[in-house]
Amino acid sequence: MENIKKTCKTCGKEFWVIKQEQEFLAKMNLHHPSSCPGCREARRLADRGERQLYRTKCQNCQKDVIVSYNPETEKRRILCKDCYLQWFEKNQVLKTE
Ligand SMILES: [Zn+2]
Ligand SMILES: [Zn+2]
């Protein structure tokens, strides 16, 4: 197995997929990367920053919900979509004076 030179899809720079990495990718049944290590790392960080999701439970019906804010520090009630809609409708009614 030889090192493979590839061109990064994102920044156009050339990078190497070394033998050890090819062996690893083959073992894990993964495709060879199309972006250089720098761009891959940048994308990983961006994904982590923007789309951090937490699994928690609805405080009303205990159903599993996925939220985009940290439930540990969140002061609002955490409700699933159904409970939130019910709550919202109820409170809207009270507000219409
Ligand atoms: Zn790149
Ligand atoms: Zn609920």
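The model is predicted.

The chain contains three helices and four strands. Along the sequence these elements run in the order β-β-α-α-β-β-α. The radius of gyration is 23 Å, well over the 13 Å that the globule rule gives for 97 residues, so the chain is more spread out than a compact globule. Along the principal axes, the C-alpha atoms fill a box of roughly 75 × 25 × 20 Å. Burial was examined next. Of the 97 residues in the chain, buried residues make up 1%. A residue counts as buried if 20 or more other C-beta atoms lie within 10 Å of its own. Contacts were also computed. Among those with a separation of 6 or more, 18% join residues 24 or more positions apart.

The chain divides into two domains. Domain 1 covers residues 4-50, and domain 2 covers residues 54-95. Their centres, taken over C-alpha atoms, are separated by 39 Å.

A record also marks a segment of the chain. In an unreviewed UniProt entry, residues 6-44 carry the annotation "domain: Probable zinc-binding". Over residues 6-44, the chain is 44% helix and 15% strand. The end C-alpha atoms of this segment are 20 Å apart.

Helix α1 spans residues 19-27. The number of buried residues among its nine is zero, so helix α1 lies largely in the open. Just after α1 comes N29, which takes a positive phi of about 60 degrees.

Terms used: Residues numbered from 1 in each chain as written. Chains lettered and ligands numbered in written order. Predicted model: local features only at pLDDT ≥ 70, side-chain atom pairs only at ≥ 80, totals over all residues. Domains from an automatic or database assignment. UniProt positions renumbered as here; feature names shortened; annotations may be inferred. Helix = DSSP H or I, 4+ residues; strand = E, 2+ residues; numbered from the N terminus. Buried ≥ 20, exposed ≤ 12 C-beta atoms within 10 Å, placed from the backbone. Rg over C-alpha atoms; globule rule 2.2 N^0.38 Å. Contact = placed C-beta atoms within 7 Å.
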